[in-house]
Amino acid sequence: MQIFLNIVVLLIGFAALIKGADFFVDGSASVAKRLKVPGVIIGLTIVAMGTSAPELAVSVSAGLSGSNAIAVSNVVGSNIFNLLAVLGICAILKPLPVGQEIKKRDYPLSLLFTLAVFLLAGNLVLSGQCKNIHDMNETAGTLFRWNGLVLIAAFILYLLYTIHIAKKNRLQAEEEIELLTPFQCAVYIVGGIIAIILGGQLVVDSAEKLALAFGMSETLVGLTIVAIGTSLPELVTSVVAAKKGENGMAAGNVVGSNIFNLLLILGVSSTIHPVEIMVASFVDLGMLLGVSLIAYAFIFTGRRVSRVEGGVMVLMYALYTCYVIAR
């Protein structure tokens, strides 16, 4: 009976996720058209921050309890999932066009921020002070409070820069399109975010209980179901945006969420309490940097991410998951 109830809750969670994403994308698209800015800008800001709310909530809670080392694995796992699984699945469903602004401005900045966090997080390894680099539980470095403040400042500057670009590149009004009223936009966006977060929580909780009921270990559940569950908002929102033709919003959501995770979530976490980085997390950060470069090669070499490239990205994520489980 308990298993049946968990399956029902799982289905309700998925329904809330999908419907919430539907409302959220519609509301965000209307905001973009009302403000006469490209959808990619909304994807990089409102949509990215909304879909990253679960990661922020988890990291802040962990930081307040003094155990915020989980924030690093949460952010790194989420960013790898976003780049490989979210972009890959979107491209498999429908070849995903990527605008010049993402290629030339936002993605390179995301790469730069990833490199900066990698260098800050591995200060002991990079300076040769790490006692045993082969021990995954050894300390590789620390994100100090001043590091956190620098990351938060970088996020604020990036946000201000994006808003400046949005004002500079206003689009012509499309009067023939019936837009939602400002009140409706607010209801759609706020209601969509609430449904996405609640739906994601229901999916993660019920999936975890089902997995444990079928004999999976808590560690395995944490590395797979919980890690993917916190990124479900990005996945569902990007897929829905791509299917609705809001391609800029789909790609912008992924890049914006990754920047949000790296700068604001890690920034807030390490400002609340210095974060000790284990060698395992440092290795994962290195993998995130490598994955970011590979994904950029796919994005930069063509006008769109093809179905074949999307399939390769999803396969890479599957291999990464196998490695993490084996480790």
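Me: In this predicted model, helices are DSSP runs of H or I with at least four residues, numbered from the N terminus. Which helix gives the most to the nonpolar patch?

Reply: The nonpolar surface patch covers about 590 Å² and is made by M1, F4, L5, V8, I12 and L202. M1 is found in the segment before helix 1. Four residues of the patch come from the element that gives the most, helix 1 (residues 2–35).

Me: Is M1 buried or exposed?

Reply: A residue is called exposed when its relative accessible area is over 50%. M1 has 75% relative accessibility, so M1 counts as exposed.

Me: Which residues form the covered face of strand 3?

Reply: In a regular strand, side chains alternate between the two faces of the sheet. Strand 3 spans residues 275–278, and its uncovered face holds E276 and M278. Strand 2 (residues 139–143) runs antiparallel to strand 3 and is joined to it by four bridges, with T139 opposite M278. The covered face of strand 3 is formed by V275 and I277.

Me: How far apart in space are Q184 and D26, C-alpha to C-alpha?

Reply: Q184 is found in helix 8 (residues 182–213), and a polar atom of its side chain lies 2.9 Å from the backbone nitrogen of T181. In sequence, Q184 and D26 are 158 residues apart. In space, their C-alpha to C-alpha distance is 10.0 Å.

Conventions:
Residues are numbered from 1 along each chain as its sequence is written. This is a predicted model: local features need pLDDT of at least 70, side-chain atom pairs count only at pLDDT 80 or more; totals for chains, interfaces and linings use all residues. Side-chain values use heavy atoms; hydrogens and water are left out. Buried means under 20% relative accessible area, exposed over 50%, partly exposed in between (1.4 Å probe, protein chains only). Helices (H or I, at least four residues) and strands (E, at least two) are DSSP runs, numbered from the N terminus. Two strands pair if DSSP finds at least two bridges between them. Patches are made of residues with over 30% relative accessible area and no salt bridge: like charges are joined within 9 Å, nonpolar side chains (Val, Leu, Ile, Met, Phe, Trp, Tyr) within 5 Å. Accessible areas come from the Shrake-Rupley method with a 1.4 Å probe; for residues, only the protein chains shown count as cover. A salt bridge is a side-chain nitrogen of Lys or Arg within 4 Å of a carboxyl oxygen of Asp or Glu. A polar contact is a pair of N or O atoms within 3.5 Å; within protein, one must be able to donate a hydrogen and the other to accept it, and residues adjacent in sequence count only if both atoms are side-chain atoms.
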